[in-house]
Amino acid sequence: MVERLSPLDASFLYLEEAATPMHVGGLLVLEPPPGGIDALAALVEARLALVPRYRQRVAEVPGHLADPVWVDDRDFDLARHLRRSRLPRPGTEAQLLDLVSRLASRPLDRNRPLWEAYLIEGLSGGRVAVMTKTHPALVDGLSAIDIGQVLLDVDPDAVAPEPGSWQPARTPGGAELVLQALDEYVRRPSSLVGARHAVTDLRSAAVRVGGVAGGLLRAVRSTVLPAPRSPLNGPVGRQRRVVVARAGLEDMKRIRSVHGGTVNDVLLAVVTGALREWLLSRGEPVVAGTTVRALVPVSLQDDEAGSGSRVTSHLVDLPVGEPNPRVRLARLGYTMRGVGVPGRSMTAESLIALTGFAPSTLHALGARAARGLSRRMFNLVVTNVPGPQVSLYAAGGRMLEVFPVVPLARGQGLSIGMTSYNGTVFFGFNADRDSVGDVDVLADMIEQQVDELLGRAR
């Protein structure tokens, strides 16, 4: 028997459009490994056995009688997925991000395993970078975001295993896939209603998961007004622009200790202040009541302890019209506690019931929820994944930085991903090049907002 994609995994495929590829990206910047970029390539090859799904492709069932299945790619060639690039001199960050932007714009090939990794040389100071692209359908659980996870070790002297031999399993034919789907239907009649039918209409998802989802759907519609008009929303093209920013984690904790709230509240306040300044730089009308609504998936565990297996997503109205950063932080802390904001907090379980799917990684949850819910309900997605606060290594090279690249939803011109690692919070901004091409201005405002909150904390 083949392994069928779960409704969640299949939904990532069905909801994807040409202008909005759904792969989650990651940019890792490393000190040069002792063995150079060849050592990184050898490490990927050696550890590929740890992620068997990375040698499997998606096969459709004839007639779409059931969700697709995973089959071994008999023509698997690592060179098609692990590619090398070199930046021209002098290898600046701007040159690196220009390359990452082009790579993030390209959809993955559906006829092959749904991942790619680019080993990038030529960065200033002899550094190297790894750009990963992983389709959310490939990821299973919060513990594995992409192939970058299996490359990293706590020990710089960790020894990579010898590459093992691999023999692909036989690929079932179309008739066999149909028979297996029918057999599944006999044993579980509900299995025939796949994710494809659910994602075509939110109402069908409600019907499929029962009356609870229907009640949630009515509750969301009755308690959450449409998102405010924003230059962040509109038609999205096929080209992306990726920029980054950084902030000290200790600075976030210092601000929190003085002004209260959580580290996540402080990060949202920093993003809110940056959005305010960006809107003003564009000449957009910003008055006291102006807000930007964000879909914010956050961990239910303490945000300093690392991400947990349960998450909650909030529709948060970021108070960009508030000029006082301390007041912005206080308002956000109040909102994130859910006090006096009925209907705005939706647990992961509620999102599952509402859309018929379940969350995978925390970054991917933001992308999935952005498609499962109407885009009229929010303006952008903001994700925050706490990471390890110790150094990690790949082939002996210490990882210096790690930036998330969260995909855009239809009609959403900007997504913001945040990852904390080894004392620093790394911001990744993924923007539609046509409508939010000046996203670098927004990224430049991050440090300014941190300094302003720190000044008030002192």
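Helix axes are lines fitted to C-alpha atoms over the stretch in contact, and the angle between two axes runs from 0 to 180 degrees between N-to-C directions. Two packed helices are described by the angle between their axes and the distance between the axes. In the predicted model examined here, helix α11 (residues 325-336) packs against helix α14 (residues 439-457) at an angle of about 95°, and the two axes lie 10 Å apart. Because angles of 65 to 115 degrees count as roughly perpendicular, α11 is roughly perpendicular to α14. On the α11 side, the contact is made by Pro325, Arg326 and Arg328; α14 contributes Gln449, Glu452, Leu453 and Arg456. Sorted by class, the residues in this contact comprise 4 charged, 2 nonpolar and 1 polar.

The chain as a whole contains 14 helices and 16 strands. Of its 458 residues, 54% are buried. Among contacts with a separation of 6 or more, 76% are between residues 24 or more positions apart.

An open sheet is formed by 6 strands, arranged in the order β5-β6-β7-β2-β14-β13 with mixed pairing. The edges of this sheet are β5 (82-86) and β13 (393-394), each of which pairs on one side only. Strands of a sheet pair through backbone hydrogen bonds, either parallel or antiparallel. Within the sheet, strand β2 (residues 24-30) and strand β7 (residues 128-134) run antiparallel and are joined by 7 bridges. One of the residues involved is Val24, whose bridge partner in β7 is Thr134.

Helix α3 (residues 93-105) lies across β2, β5, β6, β7 and β14 (397-405).

The side chain of Asn384 is joined to that of Asn264 by a polar contact of 2.9 Å.

Methods:
Residues numbered from 1 in each chain as written. Predicted model: local features only at pLDDT ≥ 70, side-chain atom pairs only at ≥ 80, totals over all residues. Heavy atoms only, no water. Pairing = 2+ DSSP bridges. Helix = DSSP H or I, 4+ residues; strand = E, 2+ residues; numbered from the N terminus. Contact = heavy atoms within 4.5 Å. Polar contact = N/O pair within 3.5 Å; in protein donor to acceptor, adjacent residues only side chain to side chain. Parallel < 35°, antiparallel > 145°, perpendicular 65-115°, else oblique. Nonpolar A, V, L, I, M, F, W, Y, C, P; charged D, E, K, R; others polar. Buried < 20%, exposed > 50% of the residue type's maximum accessible area, 1.4 Å probe, protein only.
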